[in-house]
Amino acid sequence: MAEAETRAGFVALIGEPNAGKSTLLNRMVGAKVSIVTHKVQTTRARVRGVAMADASQLIFVDTPGLFQPKRRLDRAMVAAAWTGAADADVVVLLIEATQGLTAGVEAILAALDEKRAAGQPVLLAINKIDRVQAENLLALSQKMNDRYDFDGTFMISAEKGHGVEDLRKDLAARVPAGPWLYPEDQIADLPLRTIAAEITREKLTLRLHQELPYQLTVETENWEDRPDGSARIDQIIYVVRDGHKGIVLGKKGETTKAVGQAARAEMEEFLGHRVHLFLQVKVRPNWQEDSERFDAMGLDFKDGNA
Ligand SMILES: Nc1nc2c(ncn2[C@@H]2O[C@H](COP(=O)(O)OP(=O)(O)OP(=O)(O)O)[C@@H](O)[C@H]2O)c(=O)[nH]1
């Protein structure tokens, strides 16, 4: 008997900030490749994870949150999101059951009407169903399907896992027949340096709350694998103003120290070996306007129409 036919394809997850894209990706892929926090707009790099579903390989393009672009960097993020969606074999629009058909979701649907490639299937996944009543959910599903011709509707809780298997199975059947594109054990094609920088940025965001989450960036400057199996990782936290340096450092450097400890622990868990992490805080004014940095973050500025 012939073996099951292999399939492989790209799946774009799109949705408003905070819809739960990273949570869903992590659950599908089964490893923490995209950073989840309670803050909106955490996905700055284009993160892809690879999930296996029966004989199918699903390559997820986790797009940055789609929102109204204000600065040049933001426009590049939106362009990156659409680039991912345009190339995908299947698009999954993730919305929040608690929010429903918001103006933001409307804007995405309008953009989909315009940009959707011929024959490109678009699925609707209503997320966070653990937080709403069943009858409200059915009404929302009806409303969404009246508004847009979805190829399928799934009700899920990315966090709790409800409905995720059904979505995975459906995606597995939709991607085209063909050889797998990634080795089976490969979970992400993001460079480890970027993942390490994202981990530190997540810890900073959690620690600093309201203070300046959107105005700093983290870069991994140096990574040295040591003969004893550990790694020395040097990172720089860039802030835009001198006054921010003190906030990031904290009294006697205690904020940076706590961030470093939390980030190191997570890096060790992710990498499976010991890490010596060194953090420095530097001022770099207007990094958001610095187009050279976009490539380093996985964003293609050329598509940014800025
Ligand atoms: N109750 C509940 N919360 C969820 C669920 N899925 C995600 N969340 C929470 O919603 C918040 C946002 O989730 P993320 O996965 O970071 O959302 P995102 O769409 O990737 O957000 P951006 O990176 O800002 O685009 C987090 O606090 C999650 O824990 C769910 O099924 N139920």
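Reply: We can start with Ile126. This is a predicted model. Leaving out residues up to four places away in sequence, Ile126 touches Ile95, Ala97, Leu137, Leu140, Ser141, Met155 and Ile156.

Me: Which residues touch the most other members of the largest nonpolar core?

Reply: The core has 41 residues, and those with the most contacts to other members are Val11, Leu13, Phe60, Val92, Leu93, Ile126 and Ile156. Strand β4 is the element that gives the most to this core, with 6 residues. Another core, of 17 residues, lies apart from it and includes Leu216, Ile237, Val239 and Ala263.

Me: How many residues of β4 are buried?

Reply: Burial is read from the number of C-beta atoms around a residue, with 20 or more within 10 Å counting as buried. In β4 (residues 90-96), 7 of the 7 residues are buried, so the strand is largely enclosed by the rest of the structure. Both faces are covered: one side carries Val90, Val92, Leu94 and Glu96, the other Val91, Leu93 and Ile95.

Me: What are the pairing partners of β4, and in which sense do they pair, parallel or antiparallel?

Reply: In general, strands of a sheet pair through backbone hydrogen bonds, in either a parallel or an antiparallel sense. Here β1 (residues 7-15) pairs with β4 in the parallel sense over 5 bridges, and Val11 stands opposite Val90. β4 also pairs with β5 (residues 122-127), again parallel, over 6 bridges. There, Leu93 has Leu124 as its bridge partner.

Me: Through which helix does the chain cross from β4 to β5?

Reply: The chain passes through helix α3 (residues 103-115), and this β-α-β crossover is right-handed. Next, β5 pairs with β6 (residues 152-155) in the parallel sense over 4 bridges, with Leu124 opposite Thr153. The crossover from β5 to β6 runs through helix α4 (residues 134-147) and is right-handed.

Me: Where does Lys252 lie, and is it buried or exposed?

Reply: Lys252 lies in the loop between α7 and α8. Lys252 is another residue other than glycine with a positive phi, near 50°. It is exposed, with 8 other C-beta atoms within 10 Å.

Me: How do I read the burial pattern of a helix such as α5?

Reply: List the buried residues, then look down the axis. In α5 (residues 164-174) the buried residues are Val164, Leu167 and Leu171. Seen down the axis of α5, they fall within an arc of 60°, so they line one face of the helix.

Me: In what order do β7, β8 and β9 form their sheet?

Reply: The order is β7-β8-β9, in an open sheet of 3 strands with mixed pairing. Its edge strands, β7 (216-225) and β9 (275-283), each pair on one side only. From one strand to the next, the twist averages 20°. β8 (residues 231-239) and β9 pair in the parallel sense over 9 bridges, and Gln235 stands opposite Leu279 in β9.

Me: Which residues does Thr200 touch?

Reply: Thr200 lies in helix α6 (residues 192-208). Its contacts, not counting residues up to four places away in sequence, are Val218, Gln235, Val259 and Ala263. Thr200 is buried, with 27 other C-beta atoms within 10 Å. Thr200 and Gln261 are 61 residues apart in sequence, with their C-alpha atoms 9.6 Å apart.

Me: What share of the contacts in the whole chain joins residues at least 24 apart?

Reply: Among contacts between residues at least 6 apart in sequence, the share is 71%. The chain has 9 helices and 9 strands, and 38% of its 306 residues are buried.

Technical notes
Residues numbered from 1 in each chain as written. Predicted model: local features only at pLDDT ≥ 70, side-chain atom pairs only at ≥ 80, totals over all residues. Pairing = 2+ DSSP bridges. Helix = DSSP H or I, 4+ residues; strand = E, 2+ residues; numbered from the N terminus. Axes fitted to C-alpha atoms, helices over the stretch in contact; angles between N-to-C directions. Buried ≥ 20, exposed ≤ 12 C-beta atoms within 10 Å, placed from the backbone. Right-handed = clockwise from strand over helix to strand, strands pointing away. Core = buried A, V, L, I, M, F, W, Y, C linked by C-beta atoms within 7 Å. Contact = placed C-beta atoms within 7 Å. Arc of directions from axis to C-beta.
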